[in-house]
Amino acid sequence: MSSVVVEARAVRKAFGRTEALRGTSLAVDEGEVVAITGPSGSGKSTLLLCLAGVLRPEAGEIWYAGRKLDDLSESDRTRLRRREFGLVLQFGQLVPELSGAQNVALPLLLEKHDRGAANTLAHSWLERLDALEVADALPGEMSGGEAQRVAIARALVTGPRVIFADEPTGALDTVSGERVLGALMTTARESGATVVLVTHDNRVAASADREVVIRDGAVCPAPVIR
Ligand code: ADP
């Protein structure tokens, strides 16, 4: 039987006079890979960031594993995000002064892991993501694809239950985009993680279990399959 792990219920979110989400609902099952697609500006990233507990909606509810995120204090939400969620954004957002391995180890150090153990785990995740060659490189010395694979290793190193990815291949050429996506999907499926992925790429959406289309801040009804 499927069980919902993360859910938005009738969520509204505005930026000034722009209504980014207009009563949007989406429930994602444990272990499911969901692609959120739709035109630019339709509210995909806003929905992802609300689900990930980064943005607070003005109305509606966000639920994670039976807990209402909206009721948590800022520090509890941050702690929950760090422990349970992995976030991958379009440009990796690595810390420029830290090496690849140090970037991957960072979430573990923030959770007070032993430095040596964190370093070992960081290297093993870089290896799984085929990015060991940039373990000692600074982000400025990496290609876009390498930086993105390091960002995915950093998102996965804590063993998150849900991975949120916003256009993770959007800034890459086709070949490195496919490599990054393949690495993300394989590692997520191996670890049984749930994935919520924003993309405008049809091939990326096709590799998901389900595609959810957002238009004008609302989920489009599922097509009728005859
Ligand atoms: P998408 O991911 O589908 O491209 P977004 O969720 O980024 O759409 O944006 C939805 C709408 O909200 C757009 O009109 C966008 O300009 C606006 N928006 C998103 N984030 C902000 C922000 N931080 N400040 C102001 N407007 C924003």
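Mentor: Gly-100, Asn-103, Val-104 and Pro-107 in α3 meet Val-150, Ala-153 and Arg-154 in α5, where contact means heavy atoms within 4.5 Å. By class, this contact of α3 with α5 has four nonpolar, two polar and one charged residues; Ala, Val, Leu, Ile, Met, Phe, Trp, Tyr, Cys and Pro count as nonpolar, Asp, Glu, Lys and Arg as charged, and the others, Gly among them, as polar. The model is predicted, so local features need pLDDT of at least 70 and side-chain atom pairs count only at pLDDT 80 or more, while totals for chains, interfaces and linings use all residues. Residues are numbered from 1 along each chain as its sequence is written, and side-chain values use heavy atoms, with hydrogens and water left out.

Two packed helices are described by the angle between their axes and the distance between the axes. For α3 and α5 the angle is about 25 degrees, and the axes are 7 Å apart. That makes α3 roughly parallel to α5 (angles under 35 degrees count as roughly parallel). Axes here are lines fitted to C-alpha atoms, for helices over the stretch in contact, and angles run from 0 to 180 degrees between N-to-C directions. The crossing of α3 past α5 is right-handed, that is, the near helix is turned clockwise from the far one by less than a right angle.

Now α5 itself. Helix α5 covers residues 144-156, 13 residues in total; helices are DSSP runs of H or I, at least four residues, and strands are runs of E, at least two, numbered from the N terminus. From first C-alpha to last, α5 reaches 18 Å, close to the 18 Å expected at 1.5 Å a residue, the expected span being 1.5 Å times one less than the number of residues. Of its 13 residues, 12 are buried, so α5 is largely enclosed by the rest of the structure. Buried means under 20% relative accessible area, with a 1.4 Å probe and protein chains only. The buried residues of α5 include Glu-146, Arg-149 and Arg-154, along with Val-150 and Ala-153. Their cover includes β6 (85-88), α3 (100-110), α4 (115-128), β7 (162-166) and α6 (174-191).

After α3 comes Lys-112, with a positive phi near 65 degrees.

Methods:
Buried means under 20% relative accessible area, exposed over 50%, partly exposed in between (1.4 Å probe, protein chains only). Angles under 35 degrees count as roughly parallel, over 145 as roughly antiparallel, 65 to 115 as roughly perpendicular and the rest as oblique.
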